[in-house]
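Dear colleague,

Please find below the sequence and the structure that I am handing over to you. My notes on what was found follow directly after them.

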Amino acid sequence: MKILKQIKISVSFLVPLFLTTGCVGNTNDNTQNYDTDTVVGAYIWYGCPDTIKIEAQYFTHLYMSFAQINDQYNGLVLPADAFMRKCAALKESYPDLKVLLSIGGANAYGFSEMAADSLKRLSFAKDCKRVVEEYGIDGIDVDWEVPGNWNELLCEDWYNNVKMLRDIRAQIGVDKVLTIASPSNLAGIMVDRVLPYIDFINVMSYDMGAAPHHHTAMYRSDKAGCATVEETLKFYIDRGVPKNKIVMGLAFYGRSDNISYPGWTEYGKLQLREGDTEHWDDIAKVPYITDSEGNLVLGYENPRSLEIKCNYIKEQGLRGAMYWRYANDDEHGSLRRTVARCMLGVE
């Protein structure tokens, strides 16, 4: 989940092993006949333009993004009330829809200070419960994406993250949904300790490189970044995460060289420059664009690559897919419709 995501390049998942022992509208079709265990999560940013229609038949979980931690480190600063209530109101037309509040995101602050203090942490957890009850939503999604901020000297964050999730679960109850977003290499996440408290992990299997490399390669080719989706998911499974608690992250945007195209290029705004050429990497199973000299200047996803990823999810028995973010799709909803068709059988 990235607003201004700084790409973090790691080498071969060098993580200590002990770390691992959303703009709203209504639609006419509110039929949902898919397997209720299958997850298709749509992250909807609070700044999503009102002109973008939210078609809630195409996903099972809606993540309202983002709330932040207040300056006292003991509660929440919420997105606009109107945004929250419109998202929650979708449940009237789609009673099986799960609406969650996402907290944090890239470059979010305050987690360390809150989680390290037992009183502030408890107050924060109680505020999560208040929001769930006040808005009639289904749970909380915690996007403390890198506890410790990639610094092993801040390893107390790793333990305090567990305590925070424990306290949130105790407050919202076992009948509500609690999820986390986690980076491709599990940095700062003590998997064996957090699993008892959460329903599943939204794996951010993207931003694993930038031009001249892919950031969402399914398999390793010579153009893949520091990791591939296959390698990431295998890493999670090898560290003890059950397949039914793994939700694969999909990117509705590309990563460029920040010269030829914007560093963050929304799929819906992608326009091929004169002289550039679109290609398909038949090993990595993703599209990319080269300039007139043959240099890879943008790696991204399209319906073809997303269908391959969704088929992989089903073949491997994973819990489902999520995407960041909904508003980056084109005006036809090409990406979200592909995911819904493959994962939910919804056309």
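Y206 and Y253 are both buried, where buried means under 20% relative accessible area, exposed over 50% and partly exposed in between, with a 1.4 Å probe and protein chains only. Please note that this is a predicted model, in which local features need pLDDT of at least 70 and side-chain atom pairs count only at pLDDT 80 or more, while totals for chains, interfaces and linings use all residues. Residues are numbered from 1 along each chain as its sequence is written, and side-chain values use heavy atoms, with hydrogens and water left out.

Aromatic pairs

The structure holds 10 aromatic pairs. Rings of Phe, Tyr and Trp (its six-membered ring) count as a pair if their centres lie within 6.5 Å; planes under 30 degrees apart are stacked, those over 60 are edge-to-face, and the rest are tilted. One of the pairs is formed by Y43 and W324, whose ring centres are 5.9 Å apart with planes at 70°, so this pair is edge-to-face. Y43 belongs to strand β1 (residues 39-45) and W324 to strand β14 (residues 320-324), so the pair ties together parts that are 281 residues apart in sequence. Helices (H or I, at least four residues) and strands (E, at least two) are DSSP runs, numbered from the N terminus. Y43 counts as buried, at 0% relative accessibility, and W324 counts as buried at 0% relative accessibility.

Y206 and Y253 form an edge-to-face pair, because their ring centres lie 6.1 Å apart and their planes are at 70°. This pair links distant parts of the chain, 47 residues apart: Y206 is in the loop between β7 (200-204) and α6 (229-238), and Y253 is in strand β9 (residues 253-256). Ring pairs also link Y43, Y63, F66 and W324 into a cluster.

Charges over rings

A charge sits over a ring if NZ of Lys or CZ of Arg is within 6 Å of the ring centre and within 35 degrees of the ring normal. The charged end of R273 is placed in this way over the ring of Y261, 5.4 Å from its centre. R304 lies over the face of W280, at 3.8 Å from the ring centre.

Helix packing

Two packed helices are described by the angle between their axes and the distance between the axes. Axes are lines fitted to C-alpha atoms, for helices over the stretch in contact, and angles run from 0 to 180 degrees between N-to-C directions. Helix α3 (residues 118-135) packs against helix α4 (residues 156-172) at an angle of about 40°, with the axes 8 Å apart. That makes α3 oblique to α4; angles under 35 degrees count as roughly parallel, over 145 as roughly antiparallel, 65 to 115 as roughly perpendicular and the rest as oblique. Residues of α3 that meet α4 include R121, F124, K129 and V132, and their counterparts in α4 include N160, M164, D167 and I172. Contact here means heavy atoms within 4.5 Å.

The axes of α1 and α3 come within 10 Å and cross at roughly 60°. That makes α1 oblique to α3. D81, M84, R85 and A88 of α1 make the contact with V131, E134 and Y135 of α3.

A buried arginine

R336 is found in helix α8 (residues 334-344) and is buried, with a relative accessible area of 6%. Not counting residues up to four places away in sequence, R336 touches K53, E55, Y58, F252, Y323, Y326, D329 and D330.

Backbone details

A cis peptide bond joins A211 and P212, with omega about 15°; P212 lies in the loop between β7 and α6. A cis peptide bond also joins W324 and R325, with omega about -15°, and R325 is found in the loop between β14 and α8.

D207 has a positive phi of about 55° although it is not a glycine. D207 is found in the loop between β7 and α6 and is buried, with a relative accessible area of 4%. N258, which is not a glycine either, has a positive phi of about 65°. N258 is located in the loop between β9 and β10 (264-266) and is exposed, with a relative accessible area of 58%.

A80 is in the loop between β3 (76-77) and α1 (81-93) and is partly exposed, with a relative accessible area of 48%. The C-alpha atoms of A80 and G47 are separated by 9.6 Å, the two residues being 33 residues apart along the chain.

With kind regards
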